Amino acid sequence: MSAAPLHLAVALDGAGWHPAAWRDPAATPKILFTAAYWAGLAAEAEHGLLDFVTIEDTLALQTTRLDGPDGRTDQVRGRLDAVLVASRIAPLTGRIGLVPTATTTHTEPFHLAGALSTLDYVSGGRAGWRVQVSGRRAEAAHFGRRDIPELRPEHAGDLETFPVFQELFDEAADAVEVVRRLWDSWEDDAEIRDVATGRFVDRDRLHYIDFEGPRFSVRGPSIVPRPPQGQPLVTALAHSRLPYEFAARSADVVYITPHDAEQARAVAAEVRGLGGGELKIFADLVVFVGEDARDRRARLDELDGAAYASDAAIFTGTPGELADLLLEWRQAGLDGFRLRPAVLPADLTAITRGLVPELQRRDAFRRAYGAATLRGHLGLPRPASRYAGSRR
Amino acid sequence: MKQVILAAHFPGVNNHTVWSDPASGSQIDFASFAHLARTAERGRFDFFFLADGQRLREQRGRIHDLDVVGRPDSLTVLSALAAVTTHLGLAGTINATFNEPYELARKLASLDHLSGGRAGWNVVTSSDAFTGENFRRGGYLDHSQRYERAEEFVRTVRELWDSWAAEDLVADPATGVFATANAGAFAHRGAHFDIGGHFTVPRGPQRHPLTIQAGDSEEGRDFAAATADAIFSRHSRPADGQAFYRDIQSRGAAHGRAPGSLKILPGATFALGDTDAEAQENADHIRRQQVSPQTAILLLEQLWNRDLSAYDPEGPLPEIDPDVSEDSIVKGRTRMSRDPLKTAAEWRALAEAKRLGIRDLIIEVTGRQSFIGSPARVAEEINESVQTDAADGFILVPHLTPTGLDEFVDKVVPLLQERGVFRAEYGTTTLRGHLGLEGDV
């Protein structure tokens with residue numbers, strides 16, 4: 001294979017990313033909330049040898065408004081908890097990485113660390129996390145514990161002007177720090193089962209993390225032993241300076257949303273310049289793939305009553321054209337792509353059965369999985385615990 | 001004849017779980033959880049059960065290292081187990097104190113969808129600042145508010161589960177309606193929770209996942225009788241069980257509960273053998289494994305509330321009395337006795353009468369198996385307990401991971417099936433269905 005390997009992920013959400021995807025003739029909207037649906041998608045992605053799937057989630061209904069429900073009845077509404085979806089499909093897959101979305105704004109870092117460790121155990125080292133913040137007043141009202149101002153159109157263009165934006169990302173960075181410390185809080189060899197002394201663990205190899213921050217303090221250690229990967233993969237979507245800083249400091253993978261190769265080059269350089277030297281940079285793309293892609297997109301736009309728009313660039317074309325674009329953009333300093341299928345399963349199948357063979361023909365994508373863990377797929381080593389060797 | 005309810009408890013972080021036996025497997029690998037769950041399903045059990053604890057236990061200010069330490073996140077492992085089982089109910093213990101109703105209702109409803117209606121929730125509460133050190137909320141809760149908040153928590157969670165009516169999810173491409181405009185709308189205004197908006201999970205197969213409760217205090221019993229579908233009780237012996245059963249049913253009736261709508265399931269341990277004598281030998285062997293010399297001193301310290309590390313496990317009980325001050329040397333679990341001085345006097349008398357050293361005494365006074373005998377005897381005693389209303393069934397706690405239930409399923413379950421008091425095949429697909437509580441939402 002030439003140069004560095006190309007990495008491919010798909011972002012799974014509802015019936016696909018186009019709001020009318022559920023009305024596609026091949027869609028299966030009745031089973032969106034069943035395990036069989038998600039298991040089928042993951043199996044297809046694994047058939048295509050993809051690095052990982054992400055699973056979208058929010059603590060509020062989907063909406064076309066910036067903040068608060070829109071009352072629309074013609075789009076998919078409702079989601080299952082993404083971590084539980086990931087763990088439900090883990091035993092049914094063998095190699096593909098599983099990266100659920102979970103917010104840091106209203107959740108307990110201690111629970112997140114344990115849930116993601118457990119996902120790593122049930123998947124045999126394939127767990128990741130897409131870290132998300134929740135800057136919506138409507139979501140805060142579901143918890144009743146903090147006030148978040150309404151996100152208004154004047155903030156939307158430049159989120160950095162949104163008053164709580166900095167605070168939410170600072171909190172997210174603290175949450176990731178706590179979660180990472182908890183993953184390290186058991187050294188790998190903490191379980192000793194020493195019958196002579198009657199001890200199951202060597203408590204000197206269990207560590208308090210003693211994190212103190214403005215939003216939470218966490219004592220530790222984790223209730224879950226160190227997960228198979230040591231540190232499951234931490235990923236984040238980022239559109240502007242503040243989240244770039246967050247990703248450079250806290251994540252292993254960042255998803256960026258350039259609209260052309262030049263932007264990809266500029267953003268990748270900016271993120272790396274912020275200290276994300278080891279960070280893997282993926283570009284997000286919404287994809288309509290196939291000979292009929294243009295027609296399908298037009299038909300869905302008509303059903304939805306609006307031309308589809310996205311934060312990410314939107315690709316419409318054949319597998320060969322998509323391969324051309326990915327290989328061109330990747331020269332801009334990208335490690336991979338997170339493709340958002342516009343319609344499920346149609347555009348996922350077009351990726352696994354069209355794009356992937358095309359990339360393989362060009363010697364640009366793996367022909368078999370070479371590693372067993374998600375970190376392994378990305379060429380990331382298994383880190384030692386930061387506490388290893390320190391004794392209380 | 002009443003049908004027996006059976007659940008399988010994954011061996012937990014206490015000295016009943018024997019980790020030193022050569023047959024003892026991993027306490028954290030998924031394969032162990034899958035083995036026990038599949039064994040329970042092969043035995044046509046009603047459900048699989050996970051305990052919980054959100055802080056590693058400590059004694060005398062140090063992490064307790066003699067028992068199994070560490071466990072997975074309950075709901076995450078249960079969701080994975082849904083992939084390797086088809087009928088078995090999947091119940092997890094979740095602390096209401098360190099969760100928010102919106103997030104927990106969402107997770108439980110998600111598990112219910114992902115398992116096809118097999119989710120269960122054992123509601124526990126805590127006012128314990130020690131565990132609170134791991135959470136945003138800390139140990140803020142006054143003891144007196146524990147059950148008040150828990151009651152409102154459960155009520156709020158159920159309101160969220162009801163926020164999608166069955167007809168709110170349409171998903172009809174022909175009409176272009178996916179969900180109704182009001183789907184998921186809720187508003188709860190209460191003393192502990194003041195929340196409103198929209199819930200994201202459509203109504204699950206059970207509508208309300210099964211709710212289990214384990215409180216044993218006056219308030220705990222009342223709370224359980226008013227709100228729970230099942231009670232995980234500690235009263236596995238026939239006389240205690242019958243008294244508890246009557247007490248709960250009368251409290252339930254006072255809350256307008258129909259007889260039979262509240263299942264009482266004591267936790268129970270067992271030791272089997274081809275003959276009763278062999279089973280007794282086996283039981284004694286297990287008890288010695290459960291109480292190592294170090295564990296004997298540690299358990300004695302829990303009653304005495306003192307450092308007893310200088311005492312010989314084979315020697316006599318301490319002459320000094322238990323320290324009954326408020327400050328407990330044990331963190332992360334409940335105290336062993338409400339009246340340590342009285343219990344110590346009883347133990348001393350027993351040790352003297354039977355000439356027992358510390359370890360043998362501890363073996364005698366803590367954790368004797370609930371059922372000891374040949375498969376025929378154990379099947380008979382279980383059935384007798386159920387038919388005489390000492391219980392509706394049992395949550396069985398094996399002493400070994402992951403094979404501790406194998407023999408029970410192979411030898412005791414067929415005898416219960418022969419008597420016609422336990423299902424030979426699943427006739428229902430949901431956890432509520434298995435327990436006959438489908439109509440009780």
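This is a predicted model: local features need pLDDT of at least 70, side-chain atom pairs count only at pLDDT 80 or more; totals for chains, interfaces and linings use all residues.
View 1. Residues count from 1 along each chain as written, chains are lettered from A in the order written, and side-chain values use heavy atoms, leaving out hydrogens and water. Of the 392 residues in chain A, 65% are buried (buried is under 20% relative accessible area, exposed is over 50%, partly exposed is in between, with a 1.4 Å probe and protein chains only). The C-alpha trace spans about 70 × 50 × 45 Å along its principal axes. The radius of gyration of chain A is 21 Å, which agrees with the value near 21 Å for a compact globule of 392 residues (taken over C-alpha atoms; the rule is 2.2 Å times the number of residues to the power 0.38).

**View 2. The annotated domain in chain A.** Chain A has 12 helices and 13 strands (DSSP runs numbered from the N terminus: H or I of at least four residues for helices, E of at least two for strands). An unreviewed UniProt entry puts "domain: Luciferase-like" on residues 29-300; UniProt positions follow the numbering used here, feature names are shortened, and annotations may be inferred rather than shown by experiment. That stretch is 35% helix and 17% strand, with its end C-alpha atoms 15 Å apart.

View 3. The unreviewed UniProt entry gives "binding site" for A:D57, A:T101, A:H155 and A:S240. They span 184 residues in sequence and the farthest two C-alpha atoms are 23.6 Å apart, so they don't all gather at one spot. Of these, A:D57 and A:T101 are in the lining of the largest cavity (on a 1 Å grid over the protein atoms alone, a cavity is a set of points where a 1.4 Å probe fits but cannot get out; lining residues have an atom within 4 Å of a point).

**View 4. Close-up on A:D57.** A:D57 sits in the loop between β2 (52-55) and α2 (82-89) of chain A, and is buried at 6% relative accessible area. Leaving aside residues up to four places away in sequence, its contacts include A:R79, A:T101, A:Q132 and, from the other chain, B:R106 (contact means heavy atoms within 4.5 Å). The A:D57 side chain reaches the backbone nitrogen of A:A82 at 3.0 Å.

**View 5. Close-up on A:T101.** This residue belongs to strand β3 (residues 97-103) of chain A. A:T101 counts as buried, with 2% relative accessibility. Its side chain reaches the backbone oxygen of A:I55 at 2.7 Å.

View 6. For chain B, the unreviewed UniProt entry lists B:D52, B:T93, B:H143, B:Y147 and B:S217 as "binding site". Of these, B:D52 and B:T93 are in the lining of the largest cavity. B:D52 lies in the loop between β2 (47-50) and β3 (58-59) of chain B. Not counting residues up to four places away, B:D52 touches A:I223 as well as B:R71, B:S74, B:T93 and B:N95. Its side chain also makes a polar contact with the B:Q54 side chain at 2.9 Å (N or O atoms within 3.5 Å; within protein, one must be able to donate a hydrogen and the other to accept it, and residues adjacent in sequence count only if both atoms are side-chain atoms). B:H143 is in the loop between α4 (129-132) and α5 (146-161) of chain B, partly exposed at 47% relative accessible area.

Methods. On a 1 Å grid over the protein atoms alone, a cavity is a set of points where a 1.4 Å probe fits but cannot get out, and a pocket is an open set with protein on both sides within 12 Å along at least five of seven lines; lining residues have an atom within 4 Å of a point.
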